[in-house]
Amino acid sequence: MPELTYAAVDKMTFCAKDIVSEKVPITVSSITDAQHVDKTSPFGNMLADFARARLAENHMAVSEPRLRSDLLMQADQGEMFLSRDPSKLTMPHPPYAAVLTGTYGVGSENVFVSLKLIRTDNAQVLSAADFVVPRGGDVGSLLGSRL
């Protein structure tokens with residue numbers, strides 16, 4: 001699954017290279033369920049993490065929106081700097097020129113993923129990429145209740 005996401009991100013940034021560069025701030029949102037765009041799963045969160053990692057590997061100005069303002073240390077869990085609790089996050093975020101987002105749809109044998117790189121000032125889709133992930137094994141586990 002990472003390789004499919006990396007190829008999609010590479011294609012999208014290449015297609016938008018006249019607008020998106022190493023100096024253009026980008027953020028990545030969770031990839032959401034196509035039928036319920038306000039919901040995701042561990043699968044959608046992993047796709048976003050893979051996309052964020054690939055943008056960073058390609059030297060793009062990508063941010064980590066889940067960065068805590070303070071390190072959380074728990075003796076039984078370790079040290080964590082990521083959170084989904086808005087009150088714990090670093091603020092304010094810089095203005096983003098673009099956001100990488102998308103949806104996935106679960107079929108009987110495959111999960112269909114559609115990613116988009118969108119300008120934040122006018123909602124123009126700069127580029128897009130789609131791919132299909134077989135639903136078995138780990139993918140099924142990451143989808144959880146979406147099966």
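**Labels and their criteria**

Mentor: This is a predicted model, and the structure holds one aromatic pair.

Trainee: What makes Phe 43 and Tyr 104 an aromatic pair, and why is the pair called edge-to-face?

Mentor: The ring centres of Phe 43 and Tyr 104 are 5.2 Å apart, and rings pair if their centres lie within 6.5 Å, so the two count as an aromatic pair. The angle between the planes is 80°, and because planes over 60 degrees apart count as edge-to-face, that is the label given to this pair.

Trainee: Which parts of the chain does the pair tie together?

Mentor: Phe 43 lies in helix α2, residues 42-57, whereas Tyr 104 lies in strand β6, so the pair ties together parts that are 61 residues apart in sequence.

Trainee: How do you know whether Phe 43 and Tyr 104 are buried or exposed?

Mentor: Buried means under 20% relative accessible area; Phe 43 has a value of 0% and Tyr 104 a value of 1%, so both residues count as buried.

Trainee: Staying with α2, what is its span, and how does that compare with the expected one?

Mentor: Helix α2 has 16 residues and reaches 22 Å from its first C-alpha to its last, which is close to the 22 Å expected at 1.5 Å a residue. Several of its residues are buried, including Phe 43, Leu 47, Phe 50, Arg 52 and Leu 55.

Trainee: How many salt bridges does a search of the whole structure find, and what makes Arg 54 and Asp 10 one of them?

Mentor: The search finds four salt bridges. For Arg 54 and Asp 10 the closest N and O atoms are 2.7 Å apart, and since the criterion asks for a side-chain nitrogen of Lys or Arg within 4 Å of a carboxyl oxygen of Asp or Glu, the pair qualifies as a salt bridge.

Trainee: Why is Asp 10 called partly exposed?

Mentor: Its relative accessible area is 25%, and the class between buried, under 20%, and exposed, over 50%, is partly exposed, so Asp 10 belongs in that class.

Trainee: What makes Glu 57 and Arg 54 a salt bridge as well, and how are they placed in α2?

Mentor: Their side chains meet at 2.9 Å, N to O, and because the limit is 4 Å, this too is a salt bridge. Glu 57 and Arg 54 are three residues apart in helix α2, separated by about one helical turn. Through shared partners, salt bridges join Asp 10, Arg 54 and Glu 57 into one network. At 42% relative accessibility, Glu 57 counts as partly exposed.

Trainee: Which salt bridge involves Asp 49, and how are Asp 49 and Arg 52 classed by accessibility?

Mentor: Asp 49 and Arg 52 meet in a salt bridge at 2.7 Å, N to O, and both lie in helix α2, three residues apart, about one turn of the helix. Asp 49, at 24% relative accessibility, counts as partly exposed, whereas Arg 52, at 8%, counts as buried, because the boundary for buried is under 20%.

Trainee: Why is Tyr 96 called buried, and which residues is Tyr 96 in contact with beyond its neighbours within four places in sequence?

Mentor: Tyr 96 has a relative accessible area of 18%, and since buried means under 20%, Tyr 96 is buried. Tyr 96 lies in the loop between β5 (78-82) and β6 (98-106), and its contacts, leaving those neighbours aside, are Pro 25, Ile 26, Thr 27, Ser 63 and Thr 120.

Technical notes: Residues are numbered from 1 along each chain as its sequence is written. This is a predicted model: local features need pLDDT of at least 70, side-chain atom pairs count only at pLDDT 80 or more; totals for chains, interfaces and linings use all residues. Side-chain values use heavy atoms; hydrogens and water are left out. Helices (H or I, at least four residues) and strands (E, at least two) are DSSP runs, numbered from the N terminus. Buried means under 20% relative accessible area, exposed over 50%, partly exposed in between (1.4 Å probe, protein chains only). Contact means heavy atoms within 4.5 Å. Rings of Phe, Tyr and Trp (its six-membered ring) pair if their centres lie within 6.5 Å; planes under 30 degrees apart count as stacked, over 60 as edge-to-face and the rest as tilted. The expected span of a helix is 1.5 Å times one less than its number of residues.
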